[in-house]
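Keep the sequence and the structure in view while reading.

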Amino acid sequence: MITGVLPRPSRTVALSVAGLLAAALLPAASAAASGPSAAHPQPPPTLSTDAPAAEPEPHPGGGAAPPRTVSAWLPYWDQEGAYQNALRHADQLHTVSPFWYQAVSAGRIDPHPGAGERRVIDGLHGAGTKVVPTVMETMKKGALAAILTDPARREEHADALMRTVGTRDYDGLDLDYESIAATGDSTYRQVRDGFTALATDLCARLHKLRKQCVITVFPKTRTTGRIWDYAAIGRVADRMRIMGYNLHWSSGTPGPIADTAWYDDILTRATALVPAAKLEMGLPAYGWDWPSDPASKAKTRHVTWKTAEALRHKEGVPYQFDEVSGTPHFSYLDGEERREVWYQDARGVAAHLPVLRRHGVRNTAFWALNFEDPGMWPVLARG
């Protein structure tokens, strides 16, 4: 996202993509989310007291195993494929967050299809990976803000979240609440403080049960992310995940999904407020397929790395890599209309990781399992 105003990262496109997921995505600069989870694109409808540090895992060769530094969201609309993918890479996965729950009111958390599947939970636990399901929300404008700014309704909501984590042998919860990003100037401080109070309460309750508290947030730049109090969240959460994608998004103009200079700005701000060890930088494993003409009424389409590469080969167009942003792209003709695809692959991730290293950030998360270029795994293993 190198074009000035960024859509806020979100996973909504997963629903229309992903979002996780995930991005369920709105980019970092725009005020309005589009769809159930702006940063995490999702599938079409048709489809504190910190928790105690984990003990080092035993390594087959003796001593402690190399630390697992990768987390990933598991999309419910591709549950089996994503689950099998997670098992293949369990030696790298610190945490898997199935995109399983949606907050719809103060006292109600609804499951997505397949939520709580015990075979998936048990299989991931057996592979040594934590299972920290995501609760997202797509409430109507102002609904979440009304909950957050009312102490009684906020407590009711925390109670509902704790009931959800108690339904299975989960290792914690990941809160991915995005609609508040569009809060206006007149109320944002109250909403920000209300979200901080919810996170503080929830994390304290989870820690009493020796469970992890993960909070997913938009990138904080000069113009975005102010609704999240990074410093306060960093004090109470075990991990803060920054959705580092949707620099350009579905409702905007074609361009990189992420960018090296953007990452540097995001992490300069984040590491000044939150210990680097608590940060997870969210990386995209997806992209967007835009009409090249901004006046076109044609829709933007969500692509994963897999579907983007399949489309590129089908159209017989060359692979191109933008060295400035560190992202692949290509264009093609759809009938008489030219379209432009920007996405992410292993080469792009390799170009972005040095920025994370410069800021001391080793932990990554990506949206989403089974979207990705398989070559990402060895790149992520090198840190």
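The link between Cys203 and Cys213 is left-handed, with -60° about the S-S bond. Cys203 sits in helix H5 (residues 188-208), while Cys213 belongs to strand E7 (residues 212-217); the two are 10 residues apart, and the pair links distant parts of the chain. The model is a predicted one. A disulfide is a covalent bond between the sulfur atoms of two cysteines. In this case the S to S distance from Cys203 to Cys213 is 2.0 Å, and the structure holds 1 disulfide. Are these cysteines buried or exposed? Both Cys203 and Cys213 are buried.

The second topic is strand E15, which covers residues 364-367. Which way do its residues point? Thr364 and Phe366 point one way from E15, and Ala365 and Trp367 point the other way. All four of these residues, Thr364, Ala365, Phe366 and Trp367, are buried.

Strand E15 is paired with strand E1 (residues 70-75) and with strand E9 (residues 279-284). The table sets out both pairings.

| Strand paired with E15 | Sense | Bridges | Residues opposite each other |
|---|---|---|---|
| E1 (residues 70-75) | parallel | 3 bridges | Ser71 and Ala365 |

How values were computed: Residues numbered from 1 in each chain as written. Predicted model: local features only at pLDDT ≥ 70, side-chain atom pairs only at ≥ 80, totals over all residues. Heavy atoms only, no water. Buried < 20%, exposed > 50% of the residue type's maximum accessible area, 1.4 Å probe, protein only. Helix = DSSP H or I, 4+ residues; strand = E, 2+ residues; numbered from the N terminus. Pairing = 2+ DSSP bridges. Disulfide = S-S within 2.5 Å.
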